[in-house]
Amino acid sequence: MKNSKISLLLTAILFFTVILASCGTHIHEFGEWTTVKEPTCTEEGLLESRCYCGEAETENIPKKEHVFDDGVITTEPTCTESGVMQYTCTLCGETKTEILPNKEHVFDDGVITIEPTCTEKGTKQYTCTLCGEIKTENLPKKEHVFDDGIITTEPTCIKSGNKKLTCLLCGATMDQNIKPLGHDFDANNVCETCGKTFLKTKNSQIVEITIPKLPKTISDYKYNGTVDSSCKVTAISCEFLASYSEDSIKIFFTGEKTYDSDGAGQSSSCRIGWKLYDDEDYVVDSGTFYSESIKTGEKFKNGYSYASDCIEPGGSYRLEILDVN
Ligand SMILES: [Zn+2]
Ligand SMILES: [Zn+2]
Ligand SMILES: [Zn+2]
Ligand SMILES: [Zn+2]
Ligand SMILES: [Zn+2]
């Protein structure tokens with residue numbers, strides 16, 4: 001009896017030992033992953049792997065992406081407000097929206113609300129044909145409409161003149177330059193407008209010589225102050241010396257004896273004093289011209305005097321003729 005009890009106890013101990021040993025040392029052997037639940041676009045899916053003992057391992061499968069349709073415009077955009085586009089998931093019905101940008105205004109051709117003048121800008125107003133929005137644009141001033149003007153400064157041969165023009169619309173005035181007239185030469189290189197004589201050097205530089213207004217009567221006085229003889233100078237011209245020196249000129253005199261105190265039949269030279277001034281009024285040379293010996297009423301032509309070593313190319317000179325005593 002006692003033996004059988006001990007034997008039963010030992011058997012029980014052995015049984016539990018085997019059970020315990022078999023469970024404690026077992027290493028799970030998980031098999032292939034199998035999909036237990038397919039993922040959708042709203043819920044995760046599930047993977048499972050099981051051991052023969054019934055123990056299982058699981059893993060989540062991430063949600064699928066929504067599959068949105070092409071969308072419908074639920075609010076049309078206008079030129080003042082943005083619109084809305086709504087997309088729906090074809091699988092789960094989930095929706096999302098997107099803002100549609102404002103449309104551009106569609107402006108009309110505009111109307112001029114303020115006409116521009118030559119003093120003020122104008123205004124043009126455009127209206128949006130969709131929403132009535134208004135925008136304005138400046139119109140540039142108009143051009144003045146000037147008259148023919150009046151001359152305020154007459155031009156000369158070498159200096160420009162001035163004209164004042166007046167706008168016929170607003171009265172605004174504008175100065176306008178008038179070109180110099182240019183010289184008007186006669187056969188002797190004397191300008192008929194300003195009376196100046198021009199000589200060209202061999203280097204084509206210009207020397208300007210102002211000849212006195214002619215005809216002019218010159219008298220030769222005696223020591224006692226009475227007139228000995230008179231002559232009328234009718235023409236004067238100048239040229240460079242025959243050698244073409246650039247600093248000396250020949251001055252030619254033409255005229256007629258008009259009086260001789262010794263009597264009309266008496267022959268003697270007419271004498272003409274002359275002075276040459278530069279443009280700063282310095283006397284650069286002077287002299288006395290003696291004509292041929294002539295009677296009253298007789299003429300002399302192109303008799304000459306020299307102005308020596310006093311002419312600078314480009315210079316401007318003035319010749320004066322004077323009485324002598
Ligand atoms: Zn197991
Ligand atoms: Zn969905
Ligand atoms: Zn608009
Ligand atoms: Zn004007
Ligand atoms: Zn001139």
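Two strands count as paired if DSSP finds at least two bridges between them; strands are DSSP runs of E of at least two residues and helices runs of H or I of at least four, both numbered from the N terminus. The model is predicted, so local features need pLDDT of at least 70 and side-chain atom pairs pLDDT 80 or more, while totals for chains, interfaces and linings use all residues. Residues are numbered from 1 along each chain as its sequence is written, and chains are lettered from A and ligands numbered from 1 in the order in which they are written.

Start with the whole chain. One helix and 21 strands are present. The radius of gyration, taken over C-alpha atoms, is 61 Å, well over the 20 Å that the globule rule (2.2 Å times the number of residues to the power 0.38) gives for 325 residues, so the chain is more spread out than a compact globule. Along the principal axes, the C-alpha atoms fill a box of roughly 210 × 55 × 30 Å.

Next, colour by domain. The assignment, from an automatic or database source, gives domain 1 (104-143), domain 2 (144-180) and domain 3 (196-322). The C-alpha centres of domain 2 and domain 3 are 41 Å apart.

Now select β15, β16, β17 and β20. They form an open, antiparallel sheet in the order β15-β16-β17-β20. β15 (216-221) and β20 (299-307) are the edge strands, each with a single partner, so one side of each has no neighbour in the sheet.

Finally, select residues 227-240 (β16) and 249-260 (β17), which pair antiparallel over eleven bridges. Show S237: its bridge partner in β17 is F252.
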